[in-house]
Amino acid sequence: MAKKNNGKVVNGSIFFTDKEEPESFSISNQFAEHLEFTLVKDRITVTKDDAYYALSLAVRDRMVRRWLRTQREYHIKDPKRVYYLSLEYLMGRLLGNALINLDYYEECRELLKKDGYNLEEIKEYEHDMGLGNGGLGRLAACYLDSMATLQLPAFGYGIRYEYGIFAQEIENGYQVEYADYWLKNGNPWDILRRSLQYRVKFYGRVEKKVYPDGTYYFDWVDTDDVLAVAYDVPVPGYKVKNVNNLRLWQAKAVSDFEFSEFNRGDYVEAVAKKNDSETISKVLYPNDTYVEGKFLRLKQQYFFVSATLQDIIRKFKINHDNWEDFPEKVCIQLNDTHPVVAIPELMRILIDQERLGWEKAWYITTRTFAYTNHTVVPEALEEWNEKIFGELLPRHLQIVYEINRRFLEDVKKNYSADEAVLEKLSIISSGPEKRVRMANLAIVGTFAVNGVAELHTHILKTRIFPDFNKIYPKKFLCVTNGITPRRWIRAANPELSKLITSKIGEEWVRDLSQLKQIENFVDDAAFRKKWREVKMHNRRLLIDYIKNENNIDVNPDSIFDVQVKRFHEYKRQLLNVLHVITLYNRIKDNPKIKMVPRTVIFGGKAAPAYYAAKMVIKLINSVADVVNNDPDVGDKLKVVFLKNYSVTLAEKIIPASDLSEQISVAGLEASGTGNMKFAANGALTIGTMDGANIEIREEVGEENIFIFGLLAEEVVELKAKGYNPRKYYESNPSLKRVIDMIASNYFNPKEPGIFNDMINGLMNVDYYCVFADYQSYIDTQDKVAQEFLNQEEWTKKSIYNVARIGKFSSDRAVSEYAKKIWNVKPVKLNNGNSNHD
Ligand code: C3B
């Protein structure tokens, strides 16, 4: 019999065993049981989707004991922990990844086969967990995988949005958005923690209250409260026992809602109001590198931060009662400025609830938080109108003011009293509309600020925050981004993985630097042939997909020239289109021209309100219509826009690609991570000296990458001199012809004038220097085509790209964070059974 102890059931005889899975725990049995007992289906009623669901539950079952044990070990050993706070996690599908990390993929496939199921097919029924926009959200997902694999006591925290990133349709060439109700068929991966709920306060006012001894404190009263409920997602490490936790919060109305209205008899009104509070976690804001400044977004941020800090502090208090230990035991990594309201929130808790003095609270706070900056794009820097901020979080606004006052006092004393300098450093902007600058708050309130690539960090230090860098010279550092080899090579490219493993063994999946060894086979012609066969195999899969989706016939021998990422003007999909039209013109001038055939593939979403980016999508589709249906063109050139780009689609596209387009205007792409995924799958990069492209070039060698365009400093100089795009247009006949075609509605005869704004913008401003880089891009593309002709040499370059990509593993990135910033060490779970409970 189990005994009850403080409400917890302990010492059960059949429950809570520490044993590994018992022998009877076969995947087939679990699978069958879930089909029957969880889903209540039989042979006749079972659907493929049921099979996916039941299999996922069976796989999850296999993680449960490790998951519990991991959490228990972290609890018992009580090491310093790291908490990764992110408003976005772009997880993609979880089933295949879990099977690979549990080292159970092949076995599971065979077992299912015996039961008449096809694992590859079942996997297709999983809906992407798309709780993020682009690079930042996917980075968070890669880091979760690495933190678990490195056995770090790490915890992810986020929001369980009911609607993830919208589904993109293309209608008449235009992007149209549909809601992504990803939970419609339920979610086998997350577990509701029924007893884990926190109250989150909003609005209200601040009251000054006096203690009997005359000292005073501030109380935040008359608030409107919401509950945060926890859902946990297991994060299994690769071939280790550790299963870490991703905790996502969902908003729920407080159960004792609206008593006054209840009493007045407005029962229905009161219940209906419930919905309002639950909208907080309804939907992910669909912007990437762009801030909308909406009230609901600030609500989301605080909702998430408040619940998370309550949870972190609860866990801390289980083992500790001295607040000074907090920074020794807890490190909180802020993924961009989105969770930065955590800084005043911790101050509030320490001062108002825990009653520490300001200095002590500040000491603890600034030793707990670290901040990653992910962009220097000005429209992405978060600032909150102080009225909005103060209305929702009155006490926090006071605290921010006080942080700022003390900070500026300090600056005046020790650094500069120059008004202009102070204004730049101030957390609150001056002027008629005062704003809270979240990046400034992040820098002042943390002990480490990191950029995500070398150039990006340099720009942060010298151009964006030079005074902060002088005040805190040791605070700024670089951790170059990385990607997880499990998902992006091992799972996405099984054929390449097999080929690599056949030569160097499997260790590279855990230690990507091992790939270096395949350089030894560069001169082996048979190996190179196999390498090309793998690429061809992947290409054929993509060709089928394109045929199915877009009904376009693609030449398997063409260069697969691919640009997939969010649409943003700075990423310059437009420059790519200008190249396509240039090629088209060459064909039209001479339909018999001998040229290296190309398939130019685009994919990506534009923020729903980002008109200019959406028009680039329309232009691509308009050009595709003309090019793909022109008999002169044949299979020399094809343009393909694949709708609804996602993690899952990326896994199909990237392994099939030859050329990776990383063509942002230099200085604006903080890092890029797609660039790493392509190179890791043997595509060669064409790119500017921007973000991590620079470091990729350093690693793979300049002869194995195609670099073009202005350098970051040259862009600045050009603009300082007064950039005149019209001059480029007038002096370059090929460019002029391309632009004139667009302007004269060549690609859109039925909708004349739709590209006028785009053309005017280019001719008069061209903020992202498309014209300035045009010729250099075209010349470099010609070089690409030339080199592609020599398939043997191309294959060598492809092999070098993969062999030298080791640095860009997220394992390397995460261990740098662990050493340079978090000071967190692995907790290795031994193979034996733990006796603790
Ligand atoms: C992105 C940047 O635009 C990328 O260069 C970078 O590789 C990733 O972050 C990851 O660091 N980013 C984003 O996706 N969303 C933002 N709001 C800011 C940056």
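Predicted model: local features only at pLDDT ≥ 70, side-chain atom pairs only at ≥ 80, totals over all residues.
Trainee: What makes the radius of gyration of the chain agree with that of a compact globule?

Mentor: The rule is 2.2 Å times the number of residues to the power 0.38. With 837 residues, this puts a compact globule near 28 Å, and the chain has 28 Å, so the two agree. Along its principal axes, the C-alpha trace spans about 90 × 75 × 60 Å.

Trainee: Why are α21 and α32 called roughly perpendicular?

Mentor: Helix α21 (residues 525–550) and helix α32 (residues 791–803) pack at an angle of about 80°. Angles of 65 to 115 degrees count as roughly perpendicular, and the pair is therefore described in that way. The axes of these two helices are 10 Å apart.

Trainee: Which residues of α21 and α32 make the contact?

Mentor: Helix α21 contributes Arg 528, Trp 531 and Arg 532, while α32 contributes Gln 791, Glu 792, Thr 795, Lys 796, Ser 798 and Ile 799. By class, two of these residues are nonpolar, three polar and four charged.

Trainee: How do you know that strand β20 and strand β21 pair?

Mentor: Pairing requires at least two bridges between the strands. Strand β20 (residues 559–564) and strand β21 (residues 598–603) have six bridges, in the parallel sense. In one of them, Ile 559 has Arg 598 of β21 as its bridge partner.

Trainee: What makes β22 and β25 edge strands?

Mentor: The open sheet has six strands in the order β22-β21-β20-β23-β24-β25, with parallel pairing. Strands β22 (637–642) and β25 (706–707) each pair on one side only, and they are the edge strands.

How values were computed: Residues numbered from 1 in each chain as written. Axes fitted to C-alpha atoms, helices over the stretch in contact; angles between N-to-C directions. Helix = DSSP H or I, 4+ residues; strand = E, 2+ residues; numbered from the N terminus. Parallel < 35°, antiparallel > 145°, perpendicular 65-115°, else oblique. Contact = placed C-beta atoms within 7 Å. Nonpolar A, V, L, I, M, F, W, Y, C, P; charged D, E, K, R; others polar.
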